[in-house]
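Dear colleague,

I am passing a structure on to you with this email, and below it you will find what I noted while going through it. Please keep it open beside the text as you read.

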Amino acid sequence: MSRPLRDPWPPRPPKQDPKQNPKQDPKQNPKQEAKQDPKQDSKQDSRRNDGKKDSRPAVATSLTITASAGEETAKRARYDRRAKQLTLSGSLTSGRSGLSAQTIAVYFRKTGSTRYTYVTSTRTGSRGQYSVKVDNGGTGTWKAAFAGTSAKQQSSATVNVA
């Protein structure tokens, strides 16, 4: 009596020797995934990116902004693109120290509008200073904003341009 032939599809995965592959994928073995220490998750939440405990509240920051159009800009022809540029500059500090390598987002709100529009972003220098050239959007308010970090509070500053 002959045995019926087994359908070869789908093929079975090859058997693996446990000595050759001690690491197992947690998706293949759900029991391993459930063995995680619940205390470890709570420890992870209370740590900063550098691994130290974050027991202190975020430090206050201060952001300044000024808008200026240089003499060259004022003297240029009415239709020259460079004549319509402003330089926005300021600094980001915490206490008496400048905060370096932090991202500052720049927004503009036209007079009569209620919403700011994102324009660009820049990074602070080694002493917390920043400067960015933008196209003058007309009369309105420019806003510089620092989003903050786990250790530094967010802050923003505005300047009106007539």
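Which backbone oxygen lies 3.2 Å from a polar atom of the side chain of Ser 94? In this model, which is a predicted one, the oxygen belongs to Ala 60. Ser 94 itself is placed in strand E3, which covers residues 85–94, and with a relative accessible area of 12% Ser 94 is buried, because buried means under 20%. If its neighbours within four places in sequence are set aside, Ser 94 is in contact with Val 59, Ala 60, Thr 61, Leu 99 and Lys 152.

Strand E3 has several pairing partners, which I take in turn. Strand E1 (residues 62–63) is joined to E3 by 2 bridges and runs antiparallel to it, with Leu 63 standing opposite Leu 92. Strand E2 (residues 66–68) is also antiparallel to E3, with 3 bridges between them, and here Ala 67 has Leu 88 as its bridge partner. Leu 88 has a bridge partner in E7 as well, namely Val 132; E7 (residues 129–135) pairs with E3 in the antiparallel sense over 7 bridges. Finally, E3 pairs with strand E4 (residues 97–98), again antiparallel, over 2 bridges, and Ser 94 stands opposite Ser 97 there. E3 and E4 form a hairpin with 2 residues between them, and Gly 95 in the turn has a positive phi of about 70°.

The aromatic side chains come next, and the structure holds 2 aromatic pairs. The ring centres of Tyr 107 and Tyr 118 are 5.8 Å apart with their planes at 75°, so this pair is edge-to-face. Tyr 107 is in strand E5 (residues 103–110) and Tyr 118 in strand E6 (residues 117–123), 11 residues apart. Tyr 107 is partly exposed at a relative accessible area of 25%, and Tyr 118, at 47%, also counts as partly exposed. The pair of Phe 108 and Trp 142 is tilted, at 4.6 Å centre to centre and 45° between the planes. Because Phe 108 lies in E5 and Trp 142 in strand E8 (residues 140–146), this pair ties together parts that are 34 residues apart in sequence, and both residues are buried. Separately, Lys 143 lies over the face of Tyr 116, at 5.0 Å from the ring centre.

A word of caution concerns confidence. The protein averages a pLDDT of 77, and 57% of the residues score at least 70. Over residues 37–47 the pLDDT is below 50, and this stretch has 5 contacts in the model beyond near neighbours in sequence. Where pLDDT is low, the predicted coordinates should not be read in detail.

Notes:
Residues are numbered from 1 along each chain as its sequence is written. This is a predicted model: local features need pLDDT of at least 70, side-chain atom pairs count only at pLDDT 80 or more; totals for chains, interfaces and linings use all residues. Side-chain values use heavy atoms; hydrogens and water are left out. Rings of Phe, Tyr and Trp (its six-membered ring) pair if their centres lie within 6.5 Å; planes under 30 degrees apart count as stacked, over 60 as edge-to-face and the rest as tilted. Helices (H or I, at least four residues) and strands (E, at least two) are DSSP runs, numbered from the N terminus. Buried means under 20% relative accessible area, exposed over 50%, partly exposed in between (1.4 Å probe, protein chains only). A charge sits over a ring if NZ of Lys or CZ of Arg is within 6 Å of the ring centre and within 35 degrees of the ring normal. pLDDT is the predictor's confidence in each residue, from 0 to 100. Contact means heavy atoms within 4.5 Å. A polar contact is a pair of N or O atoms within 3.5 Å; within protein, one must be able to donate a hydrogen and the other to accept it, and residues adjacent in sequence count only if both atoms are side-chain atoms. Two strands pair if DSSP finds at least two bridges between them.
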